[in-house]
Amino acid sequence: MKRMLKNWLTKENLTVTVLLVVLMLGVQVLYSAGILSPFVMLNLIIIAINIILAVSLNLVVGFTGQFSIGHAGFMALGAYASAIMTLNFNAPFIVSLLVGAIVAGIGGIIIGIPTLRLKGDYLAIATLGLAEIIRGVITNIDYLGGAYGLMGITQRTNWLWAFGCMLVTVMVIKNFVQSSHGRACISVREDEIAAEVMGINTTKYKVIAFTMGSFFAGIGGALLAHYITFIEPNAFNFLKSFDILVMVVLGGQGSITGSVVAAIVLTLISTFLQSLAELRLIIYAIILILVMLFRPQGLLGTHELSFKLLQRKRGVSHGNHSANA
């Protein structure tokens with residue numbers, strides 16, 4: 001824990017954190033002053049939630065190399081568990097968030113232990129099937145509203161909650177990836193057999209990554225439920241998992257900042273295409289095809305946006321201009 005804290009307390013990380021906190025408070029002030037419209041704020045909150053979902057899935061797919069397409073199932077667990085806590089037990093929002101995240105994390109453990117022994121397409125099919133099972137079970141439980149869903153959820157998610165949870169998610173996953181546990185997950189992605197030979201318990205680390213991804217997916221689901229105030233099972237179907245996976249692939253599998261950039265870009269595209277909702281999936285498919293053809297590693301690949309990277313790129317560009325001159 002001390003090592004993870006030490007890794008985070010660098011000049012660059014502290015600078016970025018301060019800038020993000022200033023951004024968070026600045027947006028809130030602009031909204032309170034009426035400068036930002038409710039429509040803009042809605043999209044900003046959805047972007048923050050999508051970043052949580054994309055970064056948490058990237059931990060599983062990008063950093064650990066486990067092809068999962070059932071992330072929406074864990075969103076559903078978090079959304080329903082937190083909504084029940086709010087509606088039926090009048091729990092504080094922070095308690096509802098934590099319960100939703102814990103329930104999703106437990107679901108990740110239960111599902112991860114038997115399925116993560118599979119690989120590739122078999123794992124993808126298994127996670128998809130289990131996510132559909134979760135949705136089917138929710139649909140047939142009257143206590144959870146059945147097929148009609150849950151209505152009348154108190155709107156407790158606001159910009160500060162969404163951005164704060166997003167910031168915590170990115171910080172925790174970034175620190176985990178940079179720790180010895182994160183490096184073990186990356187070794188599993190690179191060569192699972194070699195990792196086992198080196199004494200790494202590959203199943204253990206796959207389950208840890210899967211559980212963490214599920215935990216934060218539960219937070220994303222809880223935030224969404226308490227923002228739109230209504231949830232129903234079909235909101236967490238295969239298409240939702242596909243949306244999140246597209247963000248990971250577009251941004252770069254193994255790049256946290258890549259997932260952030262992709263989540264922002266695709267959320268804005270969805271917003272601009274609201275009047276052409278039937279074309280959204282077609283456009284997503286075209287984007288995927290173009291990425292696979294011209295940038296198969298994604299926008300950032302396995303790199304992270306940082307001040308050092310930007311300075312290096314600037315230095316290279318300046319050197320090229322000088323050489324040309």
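The structure holds 6 aromatic pairs, where rings of Phe, Tyr and Trp (its six-membered ring) pair if their centres lie within 6.5 Å. Planes under 30 degrees apart count as stacked, over 60 as edge-to-face and the rest as tilted. This is a predicted model, in which local features need pLDDT of at least 70, side-chain atom pairs count only at pLDDT 80 or more, and totals for chains, interfaces and linings use all residues. Residues are numbered from 1 along each chain as its sequence is written, and side-chain values use heavy atoms, with hydrogens and water left out.

Two of these pairs are set out here.

| Pair | Centre to centre | Angle between planes | Class |
|---|---|---|---|
| Phe93 and Trp161 | 4.9 Å | 80 degrees | edge-to-face |
| Trp159 and Phe163 | 5.0 Å | 45 degrees | tilted |

Phe93 in helix 5 (residues 93–115) and Trp161 in helix 7 (residues 159–178) are 68 residues apart, and their pair links distant parts of the chain. Helices are DSSP runs (H or I, at least four residues), numbered from the N terminus. Phe93 counts as buried because its relative accessibility is 8%, whereas Trp161, at 31%, is partly exposed. Buried means under 20% relative accessible area, exposed over 50% and partly exposed in between (1.4 Å probe, protein chains only).

Trp159 and Phe163 both lie in helix 7, 4 residues apart, or about one turn of the helix. Both Trp159 and Phe163 are buried.

An unreviewed UniProt entry places the feature "transmembrane region" at several spans, including residues 93–113 and 158–177; UniProt positions are given in the numbering used here, feature names are shortened, and annotations may be inferred rather than shown by experiment. Residues 158–177 are 95% helix and 0% strand, with end C-alpha atoms 29 Å apart.

Conventions:
Helix = DSSP H or I, 4+ residues; strand = E, 2+ residues; numbered from the N terminus.
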